[in-house]
Amino acid sequence: MAEDILEGKTILVVDDEHDVLETVEDLLPMCRVVTAATFERARGQLETRDFDLALLDIMGVDGYNLLERTVAKGIPAVMLTAHALSLENIKKSRNMGADFFIPKEEITHLPTFLRDIFEARARGKNPWTKWYERLASFCEKRFGSDWKDTDKAFWDRLTFH
């Protein structure tokens with residue numbers, strides 16, 4: 001069997017909900033998971049350690065500020081949210097440099113999403129192409145069949161490199 005691309009990756013997970021931190025640890029036993037429940041703790045981790053990826057909650061931990069920091073350090077970042085689930089936040093996350101945007105209700109698919117990101121990056125591809133393949137139907141159910149009409153140009157460009 002081929003080696004899992006996630007094997008041994010060091011992942012920073014930032015969320016103010018301890019059950020989410022525990023869930024991510026359970027979903028990623030092949031990774032070294034470092035957790036932070038506050039912005040300050042996450043900032044400290046980013047300043048003192050190297051990470052292969054950061055998984056950032058938007059609300060409660062100043063996720064967009066952390067996104068700026070991870071992008072500046074060249075760390076792939078994924079935005080994870082329940083309460084900030086909106087088309088505007090998906091667009092903002094992408095525009096600020098996130099590699100993916102995951103609704104918390106899709107967290108069980110986290111290993112697949114992270115593999116998609118690492119594989120896309122290894123091939124020099126856009127990870128948002130896989131995001132679209134995997135989550136466009138979720139967006140249609142959540143936001144309606146016309147969800148892309150709000151900013152057609154953005155959504156059409158999303159999956160291009």
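Modeller: The model is predicted.

Colleague: What makes K104 buried rather than exposed?

Modeller: K104 has a relative accessible area of 13%. Buried means under 20%. So 13% puts K104 in the buried class.

Colleague: How do you know that D15 forms a salt bridge with K104?

Modeller: The closest N and O atoms of D15 and K104 are 2.8 Å apart. The cut-off is within 4 Å, so the pair counts. D15 sits in the loop between β1 (10-14) and α1 (18-27), while K104 sits in the loop between β5 (100-103) and α5 (110-122). The two are 89 residues apart, so this bridge links distant parts of the chain.

Colleague: Why are the side chains of K104 and E17 said to meet in a salt bridge?

Modeller: N to O is 3.2 Å for K104 and E17. That falls within 4 Å, so the name applies. This pair also links distant parts of the chain, at 87 residues apart.

Colleague: Which accessibility class does E17 fall into, and why?

Modeller: E17 has 29% relative accessibility.

Colleague: What makes D156 and K152 a salt bridge?

Modeller: Their closest N and O atoms are 3.4 Å apart. The limit is 4 Å, so D156 and K152 qualify. Both lie in helix α7 (residues 152-158), four residues apart, about one turn of the helix.

Colleague: Which residues do shared partners join into one network?

Modeller: D15, E17, D57 and K104.

Colleague: How many salt bridges does the count come to?

Modeller: Eleven.

Notes:
Residues numbered from 1 in each chain as written. Predicted model: local features only at pLDDT ≥ 70, side-chain atom pairs only at ≥ 80, totals over all residues. Heavy atoms only, no water. Buried < 20%, exposed > 50% of the residue type's maximum accessible area, 1.4 Å probe, protein only.
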